[in-house]
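Here is a short report on one protein chain. Keep the sequence and the structure in view while reading.

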Amino acid sequence: MSDNYGKIFEDIYDSTLMAQGGKDAVYLMISMIVKSDKDGYLRKDDRLFAREIDMDEKTYREALHILLEPDPQSNLDAHEGRRIIPLSDLPSVEGKRGYWVVNKGHYRSKGSNRVSTPRVNKHRNKQAKLLDIKERL
């Protein structure tokens, strides 16, 4: 089982990315967030990744172009608002195929320190009981 995951928040649909690139750019960004490792590295060939997420090459290239461009309206200032950076542009990274998802760490930790809700506490208690039962077997 992979430890790759990405938190996707509803505000991606109200973002400048949606305004600039529409659903295709948002879908590609979501796919990159989910498929990249915990540090945000997506080490995949463009052609294979486009095929993996079922996106035709032309649409993929157009969406990719938007993710690579600076976004002066971005709420996050890192790298001029760029959403991804080619690994070939990062001299400290081994391998040159793929991309670094700039804000993966930001979104991965977002919401992790929220106060527990009754629903979350109920789920935690249920899981603890299940673990306790399994340990006694």
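Contact here means heavy atoms within 4.5 Å. An axis is a line fitted to C-alpha atoms, and angles between N-to-C directions run from 0 to 180 degrees. The model is predicted.

**Overall build**

The protein chain has 5 helices and 3 strands. Read from the N terminus, the elements run α-β-α-α-β-β-α-α. Of the 137 residues, 33% are buried. Among contacts with a separation of 6 or more, 57% come from residues 24 or more positions apart.

**The sheet and its helices**

The 3 strands form an open sheet in the order β1-β3-β2, with antiparallel pairing. β1 (41-42) and β2 are the edge strands, each pairing on one side only. Strands of a sheet pair through backbone hydrogen bonds. β2 and β3 (residues 99-101) are joined over 3 bridges in the antiparallel sense.

Helix α3 lies across β2 and β3, at about 105 degrees to β2.

The structure holds 1 aromatic pair. The ring centres of Phe49 and Tyr60 are 6.4 Å apart and the planes stand at 70 degrees, so the pair is edge-to-face. Phe49 lies in helix α2 (residues 46-52) and Tyr60 in helix α3, so the pair ties together parts that are 11 residues apart in sequence. Both partners are buried, as the table below shows.

**A loop residue**

Ser74 lies in the loop between α3 (57-68) and β2 (84-86). Is Ser74 buried or exposed? Its relative accessibility is 18%, and the cut-off for buried is under 20%, so Ser74 counts as buried. Leaving aside neighbours within four places in sequence, Ser74 is in contact with Thr16 and Gly81.

| Residue | Relative accessible area |
|---|---|
| Phe49 | 1% |
| Tyr60 | 2% |
| Ser74 | 18% |

Key
Residues are numbered from 1 along each chain as its sequence is written. This is a predicted model: local features need pLDDT of at least 70, side-chain atom pairs count only at pLDDT 80 or more; totals for chains, interfaces and linings use all residues. Side-chain values use heavy atoms; hydrogens and water are left out. Helices (H or I, at least four residues) and strands (E, at least two) are DSSP runs, numbered from the N terminus. Buried means under 20% relative accessible area, exposed over 50%, partly exposed in between (1.4 Å probe, protein chains only). Two strands pair if DSSP finds at least two bridges between them. Rings of Phe, Tyr and Trp (its six-membered ring) pair if their centres lie within 6.5 Å; planes under 30 degrees apart count as stacked, over 60 as edge-to-face and the rest as tilted.
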